[in-house]
Amino acid sequence: MIISAENLVLTAQEPLNTPVFGWKSLVAPGNISATSENPAYPAANMANPSTALFWRAAEEGSPGGAPASDQFITVSALEGLIDYLAVAAHNLGSSQNAISVEISDGGSPETWSEVAPPVIPQNDDPLLFRFAPQMASAVRLRIQPGLLIPQIAVVYVGKLLVCERGTSADYTPINLARTTRVLTGKSETGQFLGRYVLSESREAPFSLQWLRPEWYRREFDPFLRWAQEMPFFIAHQPQDEPGDVGFCWLTNDPHPTFDFNTGRVSIDLQLNGTGG
């Protein structure tokens, strides 16, 4: 799910509805902190792209009790423009937490301004908050009290790669491209006894066409070099389909194709991702 700031206005070079990639995160173990944390699940885990490691807030009251106060995930010591904050492998939808994004002006005393309004996620799929590019000394995710102890595995903060145009090919949003391994039970007489899901992931191709060669070399090729090792967030049609956001990684070595007559570039990506 992508959550856009109210009255979001971008330049002509950054349209609202073309695919966006959240990559090159500014989050590091030394600049991310939380209001509280379970010692076994520290805030520094959110700087690791692994979805198997996560932060969990400290319990309050009875064992397993959800915090009764706001929790803030803060990323500080930022440099350069930022226009997104994204989270993956969380329980904020199941917990019904209202979440929003605020940035600091770096002043003394420090003041915080809301750049993305509160929203309760519909599920536990990846979330991407998008706001107008701006300088900030720090950014934080506000998590209001919910039903469960909040936990998050991955947080990215940085500058989105905004595609100059959308795709003209049919595609399957990565969050809807479920691939499952199942075990089907049946009796000796062939009666259906049930199905057990052994694992589930997301797998889908994604193509881009008619990219300007100068844009591809300047903007997209650095992303592909980075994505050889690191996962990233993708929103396919941020304005028309805000629910289609994935946290995924490449499973192929994408090779660009340059049209001989026009010089325009096409490229095919094979994506694999995690479910909610």
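Student: How many bridges join S4 to strand S11, and in which direction do they run relative to each other?

Tutor: Strands here are DSSP runs (E, at least two residues) and helices likewise (H or I, at least four), numbered from the N terminus, and two strands pair if DSSP finds at least two bridges between them. In this case S4 and strand S11, which covers residues 151–158, are joined by two bridges and run antiparallel, with Arg56 standing opposite Gln151 in S11. This is a predicted model, in which local features need pLDDT of at least 70 and side-chain atom pairs count only at pLDDT 80 or more, while totals for chains, interfaces and linings use all residues. Residues are numbered from 1 along each chain as its sequence is written, and side-chain values use heavy atoms, with hydrogens and water left out.

Student: In which order do the five strands of the open sheet follow one another, and which are its edge strands?

Tutor: The order is S1-S9-S6-S11-S4, and the pairing in this open sheet is mixed. Its edges are strand S1 (2–4) and strand S4 (55–56), each of which pairs on one side only. For the protein as a whole, the secondary structure comes to one helix and 18 strands.

Student: Where does Leu53 lie, and which residues does it touch?

Tutor: Leu53 sits in the loop that links strand S3 (32–34) to S4. A contact means heavy atoms within 4.5 Å, and, leaving aside residues up to four places away in sequence, Leu53 touches Asn45, Asn48 and Ala153. For burial, the cut-offs are relative accessible areas of under 20% for buried and over 50% for exposed, with partly exposed in between (1.4 Å probe, protein chains only). Leu53, at 38%, is therefore partly exposed.

Student: In strand S5, how many residues are buried, and which point one way or the other?

Tutor: As a general idea, the side chains of a regular strand alternate between the two faces of the sheet. Strand S5 (residues 71–75) is mostly covered, since five of its five residues are buried. Gln71, Ile73 and Val75 point one way, whereas Phe72 and Thr74 point the other way, and all are buried.

Student: Which strands are joined to S5 by bridges?

Tutor: Three bridges join S3 to S5, and these two strands run antiparallel, with Ala34 standing opposite Ile73 in S5. Five bridges connect S5 to strand S10 (residues 138–143), again in an antiparallel arrangement, where Val139 in S10 is the bridge partner of Val75.

Student: What is the phi of Gln96, and where does this residue lie?

Tutor: Most residues other than glycine have a negative phi. Gln96, however, has a positive phi near 60°; this residue belongs to the loop between strand S6 (81–90) and strand S7 (99–104). With a relative accessible area of 40%, Gln96 is partly exposed.

Student: What phi does Trp210 have, and which strand holds it?

Tutor: Trp210 is not a glycine, yet its phi is positive, at about 55°, and the residue lies in strand S14 (residues 192–211). Its relative accessibility is 46%, so Trp210 counts as partly exposed.

Student: Which strands run antiparallel to S14, and how many bridges join them?

Tutor: Strand S13 (residues 178–186) is joined to S14 by nine bridges, and the two run antiparallel; Arg178 stands opposite Arg202 in S14. The hairpin of S13 and S14 has five residues between the strands, and Gly190 in this hairpin takes a positive phi near 90°. S14 is also joined by eight bridges to strand S18 (residues 265–273), running antiparallel, with Phe206 opposite Leu269 in S18.

Student: What is the radius of gyration of the protein, and how much of the protein is buried?

Tutor: The radius is taken over C-alpha atoms, and the globule rule is 2.2 Å times the number of residues to the power 0.38. For 276 residues, a compact globule would have a radius of gyration near 19 Å, and the protein, at 20 Å, agrees with this. Its C-alpha trace spans about 75 × 70 × 30 Å along the principal axes, and 46% of the 276 residues count as buried. Among contacts with a separation of 6 or more, residues 24 or more positions apart account for 74%.
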